[in-house]
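Below is a short note for a colleague who has not looked at this model before. The points can be checked against the structure as shown.

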Amino acid sequence: LESGREFGARIIDLSLSGAGLAMEQRIPLGTSVTVGNTPSIVVRHFQGGIAVEFRLMLSPDRLDEGIVL
């Protein structure tokens with residue numbers, strides 16, 4: 001979070017524009033977060049997690065099983 005607070009999460013879905021994160025905390029919509037080193041914003045809640053939108057889309061050539069955010 002912008003405040004420097006950190007939460008553990010597991011990536012359960014990944015696309016060029018964002019990710020689904022399984023986590024216990026319910027971070028408010030619109031909150032700026034960093035996933036790995038990737039600046040993002042919380043755009044949705046779902047049971048057991050949140051969805052984030054990356055501030056800059058990932059390059060298609062980076063999206064594979066070995067990606068490091």
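**Notes on the model**

1. Methionine 23 touches Phe7, Gly8, Ala9, Gly48, Gly49 and Ile50, leaving aside residues up to four places away in sequence. Contact here means heavy atoms within 4.5 Å.

2. The model is predicted, so local features need pLDDT of at least 70, side-chain atom pairs count only at pLDDT 80 or more, and totals for chains, interfaces and linings use all residues. Residues are numbered from 1 along each chain as its sequence is written, and side-chain values use heavy atoms, with hydrogens and water left out.

3. Met23 also belongs to the largest nonpolar core, which has 12 residues, among them Leu21, Val33, Ile50 and Phe54. Such a core is a set of buried Ala, Val, Leu, Ile, Met, Phe, Trp, Tyr and Cys residues joined through side-chain atoms within 4.5 Å. At least two of its residues come from each of β2 (18–22), β3 and β5 (49–54). β5 gives the largest share, three residues.

4. Glutamine 25 lies in the loop between β2 and β3. With 30% relative accessibility, Gln25 counts as partly exposed (buried is under 20% relative accessible area, exposed over 50%, partly exposed in between, with a 1.4 Å probe and protein chains only). Gln25 touches Phe7, Gly8 and Ile50, again not counting residues up to four places away in sequence.

5. Strands β3 (residues 32–35) and β4 (residues 38–46) pair in the antiparallel sense over four bridges. Pairing requires at least two bridges found by DSSP; strands are DSSP runs (E, at least two residues), numbered from the N terminus. Threonine 34 has proline 39 in β4 as its bridge partner. The two strands form a hairpin with two residues between them, and glycine 36 in the turn has a positive phi of about 65°.
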